[in-house]
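Me: Hi! Could you walk me through this one? I'd like the overall picture, then some local detail.

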Amino acid sequence: MELFLTTGDVIEIPHTGGSVTVDRTQAIRRTCTITVADPTLIPRTPADELATYGARLRISRGVDYGDGSPPELVPLGVFRLDSVDGDVNEGPVTLSGKDLSAIIIDDKFTTPYRVAGTVVSAITELIQRSVPGADVINRITNATIGSRTFDVEADPWAGVQEIAAAAGAECYASPDGEFILATLPDLLAADPVWTIEATEGGVYISGNRAMTSDGVYNGVLARGENTSENSPPVQYMAWDTDPNSPTYYNGPYGRRPQFHSSSTLTTTSACKQAADLLLAKAKAPNASGDIASLPNPALEPGDVLRVMHEDGTRELHQAAAFTVPLDLGGDFPISTISAKEDA
């Protein structure tokens with residue numbers, strides 16, 4: 001683990017424990033708690049405090065593949081150091097941090113702020129306003145948007161997500177400290193990145209499965225109106241029109257619409273694109289799993305997993321949240337979404 005101080009100094013810190021929690025349902029996707037033995041890391045003077053405020057942590061974890069290949073260090077995140085506390089004489093000391101999206105969240109608008117152009121350019125502008133020089137990696141088809149003016153005290157990171165939603169996408173801070181603009185992978189189209197097997201030599205420990213209709217929609221109404229550009233109101237209603245789908249809008253499931261509204265949508269075509277992409281996520285079965293396995297620090301939210309249970313059944317899951325331990329033998333619980341039987 002490396003600590004990057006505001007003075008430009010970089011300190012290599014041996015740690016004795018801790019964890020990195022990753023959860024795609026939270027505004028701040030990655031958080032960390034690290035335990036170290038050295039009590040000199042606790043700020044005692046104003047100079048120490050100045051060096052600590054704004055400092056960043058870069059955390060990695062080693063992976064031994066068990067096949068004779070050399071171990072590899074996998075990045076777990078770049079974090080803003082938010083707190084340091086512990087026994088000033090003997091330690092240990094606990095460091096806590098949040099990924100770089102926290103910088104954008106805290107940098108609320110103090111005057112009305114307007115963006116326009118495209119999804120990628122507007123999101124890049126909002127991110128680099130708070131994190132100058134930040135790398136924004138685009139993995140979507142870019143689209144033109146109408147202008148959007150944010151009010152005083154508005155959350156810029158919420159604005160980033162609103163603009164991303166116009167393209168059916170999401171934006172998040174990556175383990176390397178970059179910002180990724182991407183859509184959630186299709187569970188049935190994406191190749192599994194990892195197999196969790198309840199077999200000899202497998203990494204499976206335990207697993208639970210649940211399903212609910214809560215949060216599952218079969219329609220999305222996308223609407224837009226931009227008075228600053230004198231654009232008339234536009235909208236598009238996308239339904240699940242597949243009669244063979246369990247969420248067919250004229251079937252037993254009934255009609256359960258979801259709504260999305262943004263001034264960035266100024267044409268019916270833009271509303272249709274947003275509605276279609278959002279519907280693909282909204283109608284995904286709200287199946288979940290709680291799986292415990294041996295740690296895999298390379299896992300990312302949205303990754304598709306193949307899970308083979310002790311009874312021989314096979315399922316595809318999509319990772320939603322997990323906690324990576326930073327000590328040997330730590331548990332690795334994984335919460336998943338959109339579980340489906342794997343034929």
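Predicted model: local features only at pLDDT ≥ 70, side-chain atom pairs only at ≥ 80, totals over all residues.

Me: Great. How many helices and strands does the protein chain have?
Reply: The protein chain has five helices and 21 strands.

Me: And how much of the chain is buried?
Reply: Of its 343 residues, 45% count as buried. The chain exposes about 16,800 Å², with carbon and sulfur atoms supplying 49% of that area.

Me: What about contacts across the sequence?
Reply: Taking contacts between residues at least 6 apart in sequence, 66% join residues at least 24 apart.

Me: OK, on to helix α5. What span should it have, and what does the model give?
Reply: Helix α5 covers residues 268-282, and its 15 residues should span 21 Å at 1.5 Å a residue. The end C-alpha atoms lie 20 Å apart, which agrees.

Me: Which of its residues are buried?
Reply: In α5 they are A270, C271, A274, A275, L278, L279 and A282. They cover an arc of only 155° around the axis, so they sit on the same side of α5.

Me: What covers them?
Reply: The cover includes α4 (156-165) along with strands β15 (219-226), β16 (231-239) and β17 (257-261).

Me: Switching topic: where is H309?
Reply: H309 is in the loop between β19 (304-308) and β20 (314-325).

Me: Is H309 buried or exposed?
Reply: H309 is buried, because its relative accessible area is 14% and the cut-off for buried is under 20%.

Me: How far is H309 from I196?
Reply: They are 113 residues apart in sequence, yet 8.4 Å apart in space, C-alpha to C-alpha.

Conventions: Residues numbered from 1 in each chain as written. Heavy atoms only, no water. Helix = DSSP H or I, 4+ residues; strand = E, 2+ residues; numbered from the N terminus. Buried < 20%, exposed > 50% of the residue type's maximum accessible area, 1.4 Å probe, protein only. Contact = heavy atoms within 4.5 Å. Areas by Shrake-Rupley, 256 points an atom, 1.4 Å probe, with all protein chains shown as cover. Expected span 1.5 Å × (residues − 1). Arc of directions from axis to C-beta.
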